[in-house]
Amino acid sequence: MNWMVSSLAVNNMITESRSIQNRILLEPIPFAGDTLQTIIEAMKENRQIELTYQGYGKSERNYLIEPYCIRLYKQRWYLLGHFDDKFRLFSFDRIVKVSASELKFKMPKDFDCEAYFDEYFGMMTDSRVKPERVILRAHGQERYYLRDLPLHHTQHEISSTEDTIDFELYLRPTTDFLAAIFSRAGWIEIIFPQHLKDELLGWSRAMPTRLDNDSSTLPQWDS
């Protein structure tokens, strides 16, 4: 709920500053329009929704799901849906069509949407990836950026030198987390556990293959 209070406070502050609105630049938020409205109304009434979804490079598929929650993350809207006793995330930009059905569902009173994502880095969720302790070492100026903007809410500083800071996290190290570390290679490295270090080393070795237009050895994730 803190994020909502913060968002409303920022929105009010900007609204009251119309005279300089051309000097306040924000990241664009995608307009989800009818899709967002339909899903929100279904959530209010605890109605299942029918949606047609097309993942990248895949054929369209129809779903009947229970809409548990929606989340805006890195300029994309996502829906967490429940069906067939499992959860799945649906990105709004890949929803072909959506409508509320007449079928009702009972939202579990003890389900906490925020807690569902608690052990994950971002929007990639995979229960097969077990939570574990991860130690990162940040070098140079990057150590200050990482201190000011943690990668995960469990992140805390455990040691430092004149040039580095070591941070400890406890999370499920899914592919998107590893990709974030890999994108800052040279500034951030994984110190522990060894198997994650080895995985990123494998990505590095696969780079020449990628340059030869063969992406089969690179990390993949569901779309």
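Close-up 1. Glu-45 is partly exposed at 37% relative accessibility, a class lying between buried (under 20% relative accessible area) and exposed (over 50%), for a 1.4 Å probe and protein chains only. The model is predicted: local features need pLDDT of at least 70 and side-chain atom pairs pLDDT 80 or more, while totals for chains, interfaces and linings use all residues. Residues are numbered from 1 along each chain as its sequence is written, and side-chain values use heavy atoms, without hydrogens and water. The side chain of Glu-45 forms a salt bridge with that of Arg-47, at 2.7 Å from N to O; the term denotes a side-chain nitrogen of Lys or Arg within 4 Å of a carboxyl oxygen of Asp or Glu. Arg-47 is buried, at 18% relative accessibility. A network of salt bridges links Glu-45, Arg-47 and Glu-102.

**Close-up 2. The salt bridge of Asp-93 with Arg-76.** The closest N and O atoms of this pair are 2.9 Å apart. Asp-93 lies in the loop between β4 (86-91) and β5 (95-104) and Arg-76 in strand β3 (residues 76-83), so the contact ties together parts 17 residues apart in sequence. Strands (E, at least two residues) and helices (H or I, at least four) are DSSP runs numbered from the N terminus. Asp-93 is partly exposed at 45% relative accessible area, and Arg-76 is partly exposed at 31%.

**Close-up 3. The salt bridge of Arg-137 with Asp-166.** The two side chains meet at 2.7 Å, N to O. Arg-137 in strand β6 (residues 132-139) and Asp-166 in strand β8 (residues 164-171) are 29 residues apart, and the pair links distant parts of the chain. Arg-137 is partly exposed at 26% relative accessibility, whereas Asp-166 is buried at 9% relative accessible area.
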